[in-house]
Amino acid sequence: MRRTGLALIALLVLSLVASGCIGGSNDSGSSGSSLKEETLIIFHAGSLSVPFKQLEDEFAKYAEENLGVKVTFQDEASGSVAAVRKVTDLGKKADIVAVADYTLIPQLMVPNYTDFYVLFATNEIVIAFTEKSKYADEINSDNWYEILARPGVTFGFSDPNQDPCGYRSVMVMKLADYYYGKPIFETLVEKNTNIYYNSSLIVAPKEIQVKNDKVVIRPKETDLTGLVESGSLDYFFIYKSVAEQHHLKYIELPKEINLKDFKMADYYGKVSIYIGSTGKVIKAKPIVYGVTVPKDAPHRELAMEFLKYLLSEKGRDVFKANYQDFIWPPIAFGNVPEEIKDEVKVEG
């Protein structure tokens, strides 16, 4: 009887160990499965696609090792105006909103949708092309507007109603009027689209129309990249970082019109544009990117961790590796969260 009892006990212990109840280990009990899982929703400018992909990959590893969270991303690239309007007009939830023109945040999101924002990166407008582009061996910083105006040459820019690169490209062509003393805006913009200058500012109608096949307009600037790479479009206005990331040829524009130089801010300010989609007027200014976490972010705590990572030296290194200048330290405005105060310079 005693032997039978001992045998039963031994059998019970073995079965418990096998099932993982006593000291046994199996896959479901590993450290990987104990990780909390969260998905961060990120709306960002198309020009941030490459650095943000790398940043997300690196943050996922960091979060798993240091925060005990397995992070996946719902990453949506679009024009920055469109990114903001997903939140303000469509009621979509986002954890991070990062735009190519920081002023869109105070203009369209503060105070109802967020109460702070951070300036973190800069850029400049260039004209990109490939060896397939017509007159690729002739174009330079002095004659670009003549090349674009030639018969048979096509060029593109993104939709000013959806994307800062679009309204910046149009403003660059108006600034070129003043710099070169020639009717460049009329020749390249007004003759080919329904965008016009009304003697005080540029007007971008709510519905942009092209008048011929010389100009191609797409929702965001990166939508034009493939067209140029394939040779179906000769030139497009794009951020320098994107041209570098895609190994495109490009010409740099004079500092008086490329929207890069902070010392030229007053000169840039001579040009403004009315955006039909928002009813707002935007003044030309040096290019500065902005980021925020909306008030109703679904995963606010993790979003703050991601934002802190972006604004740290790790984020700066990612942007440097992807040919984009980073503001150091980043500059924050508004009701700046405690979580990021060590990473930024607070201005307001």
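Which residue forms a salt bridge with Glu146? Select Lys182: the closest N and O atoms of this pair are 3.9 Å apart. A salt bridge here is a side-chain nitrogen of Lys or Arg within 4 Å of a carboxyl oxygen of Asp or Glu.

Before moving on, note that this is a predicted model, where local features need pLDDT of at least 70, side-chain atom pairs count only at pLDDT 80 or more, and totals for chains, interfaces and linings use all residues. Residues are numbered from 1 along each chain as its sequence is written, and side-chain values use heavy atoms, without hydrogens and water.

Stay on the pair. Glu146 lies in helix α5 (residues 144–149) and Lys182 in the loop between α6 (164–180) and α7 (184–190), so the contact ties together parts 36 residues apart in sequence. Helices are DSSP runs (H or I, at least four residues), numbered from the N terminus. Glu146 is partly exposed at 40% relative accessible area; Lys182 is partly exposed at 38%. Buried means under 20%, exposed over 50%, partly exposed in between (1.4 Å probe, protein chains only).

Next, select Lys174 and Asp177. Their salt bridge has its closest N and O atoms 3.0 Å apart. Both residues sit in helix α6, 3 residues apart, about one turn. Lys174 is buried at 9%, and Asp177 is buried at 13%.

Now pick Glu124, Lys240, Glu252 and Lys260. Salt bridges with shared partners join these residues into one network.

Last stop: Asp57 and Lys53, in helix α2 (residues 49–67). Their closest N and O atoms are 2.7 Å apart. Across the whole structure, a search finds 16 salt bridges.

Note on methods:
Helices (H or I, at least four residues) and strands (E, at least two) are DSSP runs, numbered from the N terminus.
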